[in-house]
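Thanks for asking me to look this one over. Here are my notes, in the order I'd go through them with you.

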Amino acid sequence: MRAKITYAVTAAVLVFYFVLAGSRGVLLIRHGTLLTVTFGVAVLILPVIGVWFLWKNTQFVRRANALAAELEAEGGLPVDELLRTPSGRIDRDSADAVFTRRREETEDTPDDWRCWFRLAVAYQDARDTPRARKAMQRAIALHRAKPRPAVPSPSAS
């Protein structure tokens with residue numbers, strides 16, 4: 001829950017910044033000189049990129065959370081079996097051992113989104129965030145591509 005609150009607060013601060021920067025860009029454009037119009041357009045580009053990035057990030061998080069909920073309902077979430085240091089940090093050797101098992105599991109069934117999800121968690125535990133994100137993106141893509149059960153049409157009575 002704490003992560004969701006932090007994400008919401010950060011997103012709200014970013015949206016506030018985007019509005020503030022966008023209004024400054026409009027003011028620069030209204031000034032009307034070549035230099036201020038150029039700077040105004042440049043300032044407006046930053047909030048557009050930021051909104052796009054925030055939107056893509058939010059979609060990613062929502063899809064990953066949906067996969068986690070589905071996996072939890074199936075009883076397939078990875079169990080936290082990692083050893084920890086006295087300060088609470090994950091032991092690197094323990095994370096590497098779990099990662100090796102998850103990687104082998106994924107190599108055995110490369111088309112199973114569940115394996116990719118668990119591999120993403122193992123990457124994250126091993127502090128390899130870029131690869132964790134790529135593995136989660138792969139899990140999301142596989143989940144979205146899986147065949148859905150056919151819904152009977154109302155006319156087929």
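1. Ground rules. This is a predicted model, in which local features need pLDDT of at least 70 and side-chain atom pairs count only at pLDDT 80 or more, while totals for chains, interfaces and linings use all residues. Residues are numbered from 1 along each chain as its sequence is written, and side-chain values use heavy atoms, with hydrogens and water left out.

2. Make-up of the chain. There are five helices and zero strands, so defined as DSSP runs numbered from the N terminus (H or I over at least four residues for helices, E over at least two for strands). Read from the N terminus, the order is α-α-α-α-α.

3. Overall dimensions. Along the principal axes, the C-alpha atoms fill a box of roughly 65 × 65 × 30 Å.

4. Burial and contacts. Of the 157 residues, 27% are buried (buried is under 20% relative accessible area, exposed over 50%, partly exposed in between, with a 1.4 Å probe and protein chains only). Taking contacts between residues at least 6 apart in sequence, 52% join residues at least 24 apart; a contact means heavy atoms within 4.5 Å.

5. H3 against H4. Helix H3 (residues 92-108) packs on helix H4 (residues 113-125) at about 160°, with the axes 9 Å apart. The pair is therefore roughly antiparallel (over 145 degrees; under 35 is roughly parallel, 65 to 115 roughly perpendicular, the rest oblique). Axes here are lines fitted to C-alpha atoms, for helices over the stretch in contact, and angles run from 0 to 180 degrees between N-to-C directions. H3 crosses H4 in a left-handed sense, that is, the near helix is turned anticlockwise from the far one by less than a right angle, clockwise being right-handed. On the H3 side the contact includes Phe99, Arg102 and Glu105, and on the H4 side Trp116, Arg118 and Leu119 are among the residues involved. By class, the contact residues are seven nonpolar, one polar and five charged (nonpolar: Ala, Val, Leu, Ile, Met, Phe, Trp, Tyr, Cys and Pro; charged: Asp, Glu, Lys and Arg; polar: the others, Gly among them).

6. H2 against H4. Helix H2 (residues 34-74) meets H4 at about 110°, axes 11 Å apart, so H2 is roughly perpendicular to H4. This crossing is left-handed. H2 contributes Ala64, Leu67, Ala68, Glu70, Leu71 and Glu74, and H4 contributes Trp113, Arg114, Phe117 and Arg118. Those residues split into six nonpolar, no polar and four charged.

7. Arg118. Leaving out residues up to four places away in sequence, Arg118 touches Leu71, Gly76, Pro78, Arg102 and Glu105.

8. Arg127. Worth a glance: Arg127 is not a glycine, yet its phi is positive, about 65°. Arg127 sits in the loop between H4 and helix H5 (129-145) and, at 43% relative accessibility, counts as partly exposed.

9. Val13. This residue belongs to helix H1 (residues 2-31) and is exposed, at 52% relative accessibility. From the C-alpha of Val13 to that of Thr109, 96 residues apart along the chain, the separation is 42 Å.
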